[in-house]
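Hello,

Here is the structure for you to look over. My notes follow below it.

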Amino acid sequence: MERLQKVIAKSGLTSRRKAEELIKLGKVKVNGKTIQELGLKVSESDRIEVDNKILEKENKEYYLLNKPRGVITSTQDDKYRKTVIDLINTTARIYPVGRLDYDTTGALLLTNDGDFANIIMHPTSEIDKVYLAKLEGIIKGEEINKLKTGVKIDNIEVHASRVKLKKINKEANTCLVEITIHEGKNHQVKKMFEAVGFSVIKLTRKRIGIFEIKNLNSGNYRKLTPKEVQIIYSYKK
Ligand code: URA
C-alpha cells in the first residue's frame with residue numbers, strides 16, 4: 001500500500017507536490033469516489049482517476065548511459081541544449097539519477113523508478129561513484145590523505161572513500177587521479193580537489209556501484225537487466 005499522491009507521482013504524470021494539490025482540488029478519484037484528504041493509501045488493484053482519466057501505470061525502465069561531453073543532465077533545458085534524455089530512445093518519462101556536469105563524461109543511470117533512484121543517491125547505501133580526474137599540477141600524499149579524512153565544501157564536510165594516483169605527466173604538469181565517493185553533491189569532485197588546491201581539467205565517471213561504462217562508447221547506452229535492478233534493491237536500508 002502506498003500513499004495516493006506518491007502513486008500519482010510515480011506514474012510520471014506530475015510531481016508529488018502537484019499531485020497533492022490535485023487531490024485537494026477534488027480532481028482525484030479512487031474506485032469512483034472523489035478523495036480530498038491526503039492520508040489515503042492505495043494498492044495496485046485500486047482504480048485511480050485524475051481529471052476523469054484513468055491513471056496509466058508506466059512500466060519501469062532503467063538505462064546506463066555513457067554521457068558525452070556537452071550534454072545537459074536534465075529532462076529539459078530552457079536554452080534548448082541537448083539533454084541526456086534526447087540520447088535515449090523511449091517514450092517513458094525517465095530522468096537522470098543525480099547529475100554530471102555539462103563537461104563531465106561517463107556513467108549515468110536513468111530511470112522512471114523513484115525508489116531505485118533514491119537507493120543509488122542515498123549515501124547510506126554506500127554505493128561507489130568512481131571518477132577519474134585529470135588535474136592541473138601533481139598531487140602529493142598529504143593532499144590525498146586530506147581528501148580521505150575530510151574536506152569542507154560549501155560548509156559541509158565530505159570525504160573520499162578511496163583515492164589513487166594513477167599517472168603523472170611531469171612535462172605537462174598534470175596527473176590522473178581515481179577518486180571514489182558515496183555522495184553526489186553538486187560539483188562535488190571538482191570542489192573537493194579545489195579544497196586541496198587543484199583544478200580539474202577533465203572528469204569522467206567510470207563506475208556507479210556495479211555499473212561500469214567500460215563496454216559502452218561515448219553516447220551509447222544499454223538497458224539494465226532485471227538481475228542488476230534486483231541487486232540495487234538489495235542495498236535498500
Ligand atoms: N563532481 C563534479 O564536480 N562534477 C560532476 O559532474 C560529478 C561529480
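Two strands count as paired if DSSP finds at least two bridges between them. Helices (H or I, at least four residues) and strands (E, at least two) are DSSP runs, numbered from the N terminus.

This is a predicted model: local features need pLDDT of at least 70, side-chain atom pairs count only at pLDDT 80 or more, and totals for chains, interfaces and linings use all residues. Residues are numbered from 1 along each chain as its sequence is written, and side-chain values use heavy atoms, without hydrogens and water.

Strand 15 first. Strand 15 (residues 199-208) runs parallel to strand 9 (residues 105-111), joined by 2 bridges. Thr105 has Thr204 as its bridge partner there. With strand 10 (residues 129-136), strand 15 pairs antiparallel over 8 bridges. Leu135 bridges to Val200. Strand 16 (residues 211-212) is also an antiparallel partner of strand 15, over 2 bridges. Arg207 bridges to Glu212. The hairpin of strands 15 and 16 has 2 residues between the strands, and Gly209 takes a positive phi near 55°.

Now the ligand. Its shell (residues with a heavy atom within 4 Å) includes Leu100, Tyr131, His187 and Leu203. Helix 5 (residues 188-195) gives the most, with 3 residues. Domain 2 (62-123 + 213-233) and domain 3 (128-208) each supply at least three; the bounds come from an automatic or database domain assignment.

Ligand oxygen atoms lie 2.7 Å from a backbone N or O atom of Asp101, 2.9 Å from a side-chain N or O atom of Thr104 and 2.9 Å from a backbone N or O atom of Lys190.

Best wishes

Technical notes:
Polar contact = N/O pair within 3.5 Å; in protein donor to acceptor, adjacent residues only side chain to side chain.
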